[in-house]
Amino acid sequence: MKRSSSGTVKLGLLQSSCSPDPAANLKKTLALAELAAKQGAKIICTQELFRSEYFCQAEDHKYFQLAEPIPGPSTAAFQKLAGTHP
């Protein structure tokens with residue numbers, strides 16, 4: 001990882017609202033990550049649940065459908081983004 005001349009590494013901390021649409025949430029988070037990278041962030045942290053609304057207040061098995069494999073669609077999208085910002 002390249003460091004600035006001051007020896008610091010710039011972080012991008014992402015936080016946003018989410019909709020019920022996981023694909024739209026991923027697109028929004030990728031756009032925020034792109035913006036952070038263009039502003040010099042070398043490490044980008046998303047919020048814990050960026051692909052869905054917060055569902056942890058009640059146990060409902062329908063939310064199991066939100067799980068994805070690793071590697072999977074989200075990791076592939078972020079790998080592609082990372083490849084454009086060495």
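**Figure 1. Overview of the chain in the predicted model.** Followed along the sequence, the chain shows the pattern β-α-β-α, and its secondary structure amounts to two helices and two strands. This is a predicted model, in which the C-alpha atoms fill a box of roughly 50 × 25 × 20 Å along the principal axes. Of the 86 residues in the chain, 20% count as buried, and the accessible surface comes to about 6,500 Å², with 59% of that area belonging to carbon and sulfur atoms. Among contacts with a separation of 6 or more, 69% are made by residues 24 or more positions apart.

**Figure 2. Close-up of the aromatic pair Phe50 and Phe78.** The structure holds two aromatic pairs, and the one formed by Phe50 and Phe78 is edge-to-face, with 5.8 Å from centre to centre and 85° between the planes. Phe50 lies in the loop between strand S2 (43-45) and helix H2 (73-83), whereas Phe78 lies in helix H2, so the pair ties together parts that are 28 residues apart in sequence. Phe50 is buried, with a relative accessible area of 13%, while Phe78, at 23% relative accessibility, counts as partly exposed.

**Figure 3. Close-up of the aromatic pair Phe55 and Tyr63.** The ring centres of Phe55 and Tyr63 lie 4.9 Å apart and their planes meet at 20°, so this pair is stacked, because planes under 30 degrees apart count as stacked. Phe55 is partly exposed, with a relative accessible area of 24%, and Tyr63 likewise counts as partly exposed, at 28% relative accessibility.

**Figure 4. Charged side chains.** The chain carries 10 positive and 7 negative side chains, and the centres of these two sets lie 17 Å apart.

Definitions and conventions
Residues are numbered from 1 along each chain as its sequence is written. This is a predicted model: local features need pLDDT of at least 70, side-chain atom pairs count only at pLDDT 80 or more; totals for chains, interfaces and linings use all residues. Side-chain values use heavy atoms; hydrogens and water are left out. Rings of Phe, Tyr and Trp (its six-membered ring) pair if their centres lie within 6.5 Å; planes under 30 degrees apart count as stacked, over 60 as edge-to-face and the rest as tilted. Helices (H or I, at least four residues) and strands (E, at least two) are DSSP runs, numbered from the N terminus. Buried means under 20% relative accessible area, exposed over 50%, partly exposed in between (1.4 Å probe, protein chains only). Contact means heavy atoms within 4.5 Å. Accessible areas come from the Shrake-Rupley method with a 1.4 Å probe; for residues, only the protein chains shown count as cover. Lys and Arg count as positive and Asp and Glu as negative; His and the chain ends are not counted. The place of a charge is taken as NZ of Lys, CZ of Arg, CG of Asp or CD of Glu.
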